[in-house]
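Let's take a walk through this structure together.

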Amino acid sequence: MRQPLVLAALATLMLSGTALAEPMFNRIATFPVPLNLPADRDPAKKTVAEIIAANEDGTLLAYTDGEQKALGLIDITTPAAPKPAGFIPLGGESTSVVVLGDKAFVAVVTSGDNFKEPAGHLATVDLKTKQVVATCDLGGQPDSVTLTKDRTKIVIAIENERDETLNKGALPQLPAGNLTLIGLKDGAIDCASRQVVDMTGIAAVEPTDPEPEFVDVNADGLAVVTLQENNHLAIVDTKTGKLVAHFPAGAVDLKGIDKTRDGQIRPVEELKGVAREPDSVRWLDNDRFVTANEGDWKGGSRGFTIFRKDGTVEFDSGATTDHLAISLGHYPERRSAAKGSEPEGIEVGTYGQDRLIFVGLERASLVLVYKDEGPGRAPRYLQALPGGIAPEGLLAIPRRNLFVSASEADLVAKGGPRSAVTIYQRGEAPAAYPTLVSAEVEGAPIGWGALSGLAAHPSLPGRLHAVTDSAYSPSRILEIDTTQKPARITAAITVTKDGKPAAYDLEGIAARGDGGFWLASEGNPETKDKPTPNILLRVSAKGEVEEEILLPEELAKQASRFGFEGVAVTGSGAEETIWLAVQREWKDDPKGKAKILSYKPASKSWGVLHYPLSAAAAGAWMGLSELTALGNDRFAVIERDNLFGAKAVKTLTTFSIKGLTPAPLGSATIPTVEKTLLRDLTPALMALGGYGLDKVEGMALDRDGNLFVVTDNDGVDDSSGETQFLALGKIAN
């Protein structure tokens with residue numbers, strides 16, 4: 001049987017929280033971590049925002065940047081407008097931080113990759129002078145730090161982590177880690193009071209090598225410690241330094257998951273006896289705590305668990321987190337064989353009367369928000385928060401109705417989004433995200449992502465079709481109901497050829513009057529191992545490929561890897577014409593002009609027009625991502641660059657072909673259309689509070705004349721997984 005929480009969570013998701021009329025979080029700002037780098041640091045070098053803390057009044061954030069071996073500060077006096085507030089070099093890899101008064105206490109690893117002789121210290125940073133004013137040697141490699149609730153001690157998990165390249169990361173790899181307690185006097189470290197709590201001899205997996213990972217302390221002074229690789233939990237009395245309890249984290253039988261990396265999101269498989277291997281942990285109250293079961297060695301149960309301090313499991317989320325990620329389009333299919341969505345971060349905060357649990361899904365790049373309903377009751381799912389890639393640090397700031405996530409992934413080397421700190425505010429407005437979800441079919445949500453093209457249903461208003469690109473295999477056509485909020489994917493049609501599922505790189509879709517489709521598959525003739533052609537596909541309403549239409553050889557030899565991106569259809573019968581947008585210039589195109597191709601099925605003849613691309617910023621490119629027929633000889637295209645943020649170009653433009661005749665292939669002169677700006681989408685994307693998505697890829701005008709635009713999330717590969725489905729209303733014809 002499926003867990004009741006799965007159904008309840010997805011039902012709540014479909015309502016987007018509005019039926020419950022509860023306060024919701026909405027993203028209000030994103031702070032790119034490279035903005036904090038001083039002038040002497042190369043902004044093209046990788047940065048990280050990992051663990052994050054705040055001062056007492058919640059106006060200053062401090063985050064660890066292990067890549068830059070520093071502590072970064074962000075001023076959030078005005079939370080919707082975060083500002084750089086400082087960058088403090090630490091001389092080693094920063095792994096965790098807490099703030100007390102005007103001091104930050106930072107765990108710093110100084111041994112680098114020397115796993116046999118781990119070393120590190122606790123640095124005291126004066127937040128006023130932005131200087132390291134004291135250090136305390138820890139005798140090992142620290143991973144997590146926290147304060148006791150009475151602010152008299154700092155508690156540190158000394159992991160002394162293993163070398164994962166040595167013997168396939170097998171335990172033991174000594175020296176053993178421990179839990180370290182250090183007293184505070186007048187807000188300063190009392191290094192002489194350092195007390196080491198031995199954690200060996202308690203875990204059944206490898207008792208000589210505990211590897212403590214994360215620690216949190218409750219109001220009674222009890223510290224709960226995760227021994228992740230050992231799949232074990234320990235309770236230590238920080239007042240006495242005594243181990244008072246310990247127990248295995250246990251295992252889970254998972255049903256309804258996707259455990260196979262095969263290009264398909266199919267949550268119909270099972271795994272039995274999966275060790276939880278919890279990473280982060282937070283107390284819910286003095287008797288219960290919650291873990292994020294990321295896994296690190298042999299386990300990872302894809303969810304979160306609420307334990308009592310005696311080791312009793314009160315609740316386990318099972319496959320719920322993966323199902324939510326799937327429904328939201330955030331499921332990382334390429335991680336199916338390796339822990340799926342991978343819950344890593346946990347935070348707990350009490351907002352008014354509501355105790356909330358925040359679960360960070362590292363690979364899905366989501367934070368799930370639940371309400372703790374009290375002992376003996378399952379927590380209730382409230383909403384999902386989009387942000388940067390790979391959220392690691394989670395921070396509740398209830399006094400200001402804020403929540404913050406720190407995302408560690410920085411894709412600067414690939415030209416992608418940078419590491420970021422995302423700020424959310426709780427209020428009475430309904431949740432703005434998600435804008436698109438999927439329905440359940442046969443007990444599991446429809447998997448989706450990488451939406452690369454949109455088309456209107458030929459007769460039903462508010463109904464659209466979408467295609468997914470080569471991020472998934474086989475290719476599919478999705479049905480979308482835009483009359484619901486959020487819009488809802490209600491069905492999926494698999495594209496087949498000769499009765500078998502077929503894989504294309506679908507980038508465009510247009511509906512045929514008979515219920516079938518024209519699909520545009522982008523080719524890449526520049527691939528050395530297996531070059532692929534650009535293909536125009538005629539497909540039935542059931543997804544059956546009826547015809548593959550290739551470019552004439554004289555045109556195909558001019559193609560580059562930037563091929564078909566959009567398809568539209570005008571006319572019918574003998575007058576039917578298929579129009580195709582090519583993303584960028586091909587070999588025979590003048591610089592700054594991309595092809596708009598025409599194809600007449602009746603005569604099998606091709607023609608070409610040119611579209612004038614806007615100039616791209618230095619180091620960027622400009623291209624077309626969609627083509628939509630508006631009627632009366634008018635078309636709309638998405639013209640965009642490959643940049644992120646406020647300076648990026650994401651526009652909808654229109655052009656008319658009235659009076660223009662596509663030139664036959666090989667013509668010396670090709671007519672150029674005249675474009676008109678319809679909508680600048682960049683301000684709308686930036687108003688969403690994110691880092692400014694780059695891939696605006698789909699556009700459709702429904703039967704009632706309403707315009708819709710959707711972004712492509714790259715199948716959650718090198719992406720935050722965020723999809724924005726924008727309803728832009730009616731446009732003038």
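How do the residues of the lining of the largest cavity divide into nonpolar, polar and charged? They come out as 4 nonpolar, 2 polar and 2 charged. Here Ala, Val, Leu, Ile, Met, Phe, Trp, Tyr, Cys and Pro count as nonpolar, Asp, Glu, Lys and Arg as charged, and the others, Gly among them, as polar.

Before going on, keep in mind that this is a predicted model, where local features need pLDDT of at least 70, side-chain atom pairs count only at pLDDT 80 or more, and totals for chains, interfaces and linings use all residues. Residues are numbered from 1 along each chain as its sequence is written, and side-chain values use heavy atoms, with hydrogens and water left out.

Back to that lining: you'll find Arg 27, Leu 685, Leu 688, Gly 690, Tyr 691, Gly 692, Leu 693 and Glu 722 there. A cavity is a set of points on a 1 Å grid over the protein atoms alone where a 1.4 Å probe fits but cannot get out, and lining residues have an atom within 4 Å of a point. The volume of the largest cavity is about 50 Å³, taken as the space filled by probe spheres set on the points, which are joined across faces, edges and corners.

Now for the cysteines. Cys 136 and Cys 191 form a disulfide, with sulfur atoms 2.0 Å apart (the cut-off is within 2.5 Å). The torsion about their S-S bond is about 75°, so this disulfide is right-handed. Cys 136 is buried at 1% relative accessible area, while Cys 191 is partly exposed at 33% (buried means under 20%, exposed over 50%, partly exposed in between, with a 1.4 Å probe and protein chains only).

Terms used: On a 1 Å grid over the protein atoms alone, a cavity is a set of points where a 1.4 Å probe fits but cannot get out, and a pocket is an open set with protein on both sides within 12 Å along at least five of seven lines; lining residues have an atom within 4 Å of a point.
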